[in-house]
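Student: I have a structure to read and am new to it. Please show me how to read its features one at a time.

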Amino acid sequence: MAAPLTLEPAELPADAVEVGRIADAWGVKGWFKVVSHSATPEALFAAKRWYLQPSERGAKTFSGTVQLQIRQAKDHSDTVVAWAQGIDDRDAAEALRGARIFVPRSGFPVTTQDEYYWVDLIGLQVINREGVALGQVQELMSTGPQTVLVLAYEQDGKTQERMIPFVSAFVDKVDLPEKRITVDWQPDY
């Protein structure tokens, strides 16, 4: 029988962002596959410490928040694989299956001008050039060639949804400090 998994309990950082989940063991030496919530998982590669919480569904092999010291994380085919301190065989890696991965937002790589993390756009108010409020960003959706802002707004007492392509042709300005995005878009589009 395998030794019980011993993970280091931790406090989830106040600026923690969920960036992926552990899919399964990979190989026999403790590596595991990661499903990233981002097409470009730079935050996973940059962070040397990941915070895990158990899956919301299925068997739980640990409870609360734990931290993993990441030895190595890398691209492999169309997935990310990682290896952590104390996860030294397939059984230990399998015990992490389904765990949700969080990293501190402060540890994300710095973005360049006109580059944003989705997590920073959620909750922003969207207005058009005329100052008309179009809604609040609820989520972003990748449609292949472009990303789409999914906004929620009220109309006749009901919550409605509006989608605006997040491309320079329609987005004039993203003002993170003011929590606002200005767009060239009309309410009746």
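Student: Which ring does the charged end of Arg 162 sit over?
Tutor: This is a predicted model. In it, the charged end of Arg 162 is placed over the ring of Tyr 153, 3.9 Å from the ring centre.

Student: How many aromatic pairs does the structure hold?
Tutor: A pair of aromatic rings is described by the distance of the centres and the angle of the planes. The structure holds 7 such pairs. One of them joins Trp 31 and Trp 83: the ring centres are 5.9 Å apart and the planes are at 15°, so this pair is stacked, since planes under 30 degrees apart count as stacked. Trp 31 lies in the loop between β2 (16–25) and β3 (32–36), while Trp 83 belongs to strand β6 (residues 79–84), so the pair ties together parts 52 residues apart in sequence.

Student: What kind of aromatic pair do Phe 108 and Tyr 117 form?
Tutor: Phe 108 and Tyr 117 are edge-to-face, with 4.8 Å from centre to centre and 70° between the planes; the cut-off for that label is over 60 degrees. Phe 108 is buried at 9% relative accessibility, and Tyr 117 is buried with a relative accessible area of 19%.

Student: Now the strands. How do β12 and β13 pair?
Tutor: In a regular strand the side chains alternate between the two faces of the sheet. Here, strand β12 (residues 171–175) pairs with β13 in the antiparallel sense over 4 bridges. Within this pairing, Val 174 has Ile 181 in β13 as its bridge partner. The two strands form a hairpin with 4 residues between them, and Lys 179 in the turn has a positive phi of about 55°.

Student: Which strand runs parallel to β13?
Tutor: Strand β8 (residues 125–128) runs parallel to β13 (residues 180–183), joined by 4 bridges. Gln 125 has Arg 180 of β13 as its bridge partner.

Student: Where does UniProt place the feature "domain: RimM N-terminal"?
Tutor: The unreviewed UniProt entry places this feature at residues 19–106. In the model, the end C-alpha atoms of residues 19–106 lie 13 Å apart, and the span is 12% helix and 44% strand.

Definitions and conventions: Residues numbered from 1 in each chain as written. Predicted model: local features only at pLDDT ≥ 70, side-chain atom pairs only at ≥ 80, totals over all residues. Heavy atoms only, no water. Pairing = 2+ DSSP bridges. UniProt positions renumbered as here; feature names shortened; annotations may be inferred. Phe/Tyr/Trp six-rings, centres within 6.5 Å; stacked < 30°, edge-to-face > 60°. Buried < 20%, exposed > 50% of the residue type's maximum accessible area, 1.4 Å probe, protein only. Lys NZ or Arg CZ within 6 Å of the ring centre and 35° of its normal.
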